[in-house]
Amino acid sequence: MEIQAVISGKKQITQDAYMKEYKRLRQVLDVDSVIDFKKNVSNLSIKTMIKKIKDSDFSTNTKKGLMNMLVMIFDAFDFDKEVKKFEKEVEKLKDEREKLKDKIGKERIDKNKVLLDILPTQKIIDKELNELYKNNAYLKYIINYLIITFNVRNKDLCLKIVSSMKQTKDTEYNYLVINSKYITYIRNVYKTASTHGKKENRIQSKKLRDAILNYINEVEGEDDVKEDGLIIFKYTSEELKGQPVPCNKIGDKIKYLIMKPKDENGNDIKLNETLLNKIKVKEINNKPNTIKGLEKMEKNRGTNLKTITEYYSIDV
């Protein structure tokens, strides 16, 4: 199977992502495989494949991913005598991929122009965070605090609350460890963990500590905290009630916990972790020591500076 040459040696999470992309590619091209191994040629001409991808209903970003999958498939195989011919054709494919990349960049700039007008300032976000605490919305406060303070993604919020570092051996979870003086936030599970390893932050916020303790009381989780740990995100459906939600599926839970500040007309502004981080980058960009602020965000999020400035900066 041609995809095996592409995914061989990759990590499981990467293999799964590539398999999904490969399945989508075959559906768009309407073929069982890209390459006819008996004839050592592609089942469709490069020109036809490019057209099918460009004419599909997928977003520009998804089209670029499909184009990239095609490039990886062709790069993984030697076409013997036809190699020179295919090298030229694959170059056309790579050119189209770059054009899509440029289009994505332009679309991002257009979206950011809109965001500049509608997103609240960091000052409003900080005020809204304090309101969550005042209104005893403890779980919302905890989740929003971590996103705003440590610039995290959804997966970083796959949390267990525990009372001792001895309870943090299971690396399939992230932890909030409570002691009498501070909170330790441990991240084992996040997007770039394989590159950056475990992250650990000590938090000396009285409000966060109070919010966590009040949340534990709300859900009557004191025994859980002392034993195996209080898992924050569990299923509530009858069929799966009480079972932990997998870390890669907690986004549906988190979206109901993200703050919703009001616009000037009194309407809710719908936010997510990406938008909250865009707001943070905008604030950093408007401060004197921008690089230092971005470097701190780089360390917090496990994302390089180029990615932060390219994908999260809405100043155009």
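This is a predicted model: local features need pLDDT of at least 70, side-chain atom pairs count only at pLDDT 80 or more; totals for chains, interfaces and linings use all residues.
Residues are numbered from 1 along each chain as its sequence is written, and side-chain values use heavy atoms, with hydrogens and water left out. Local features need pLDDT of at least 70 and side-chain atom pairs count only at pLDDT 80 or more, while totals for chains, interfaces and linings use all residues.

View 1. A pocket here is an open set of points on a 1 Å grid over the protein atoms alone where a 1.4 Å probe fits, with protein on both sides within 12 Å along at least five of seven lines; lining residues have an atom within 4 Å of a point. Grid points are joined across faces, edges and corners, and the volume is the space filled by probe spheres set on them. Of the 49 lining residues, Asn61, Arg153, Lys191, Tyr311 and Tyr312 are the closest to the centre of the largest pocket.

**View 2. Helices around the largest pocket.** Helix 5 (83-118) gives the largest share of this lining, eight residues. Other helices that each supply at least two residues include helix 2 (12-29) and helix 14 (305-312). Helices are DSSP runs (H or I, at least four residues), numbered from the N terminus.

**View 3. The second largest pocket.** This one has a volume of about 240 Å³. Thr149, Lys280, Ile284, Gly293 and Lys296 lie closest to its centre, out of 14 lining residues. Helix 13 (290-301) contributes the largest share of the lining, four residues.
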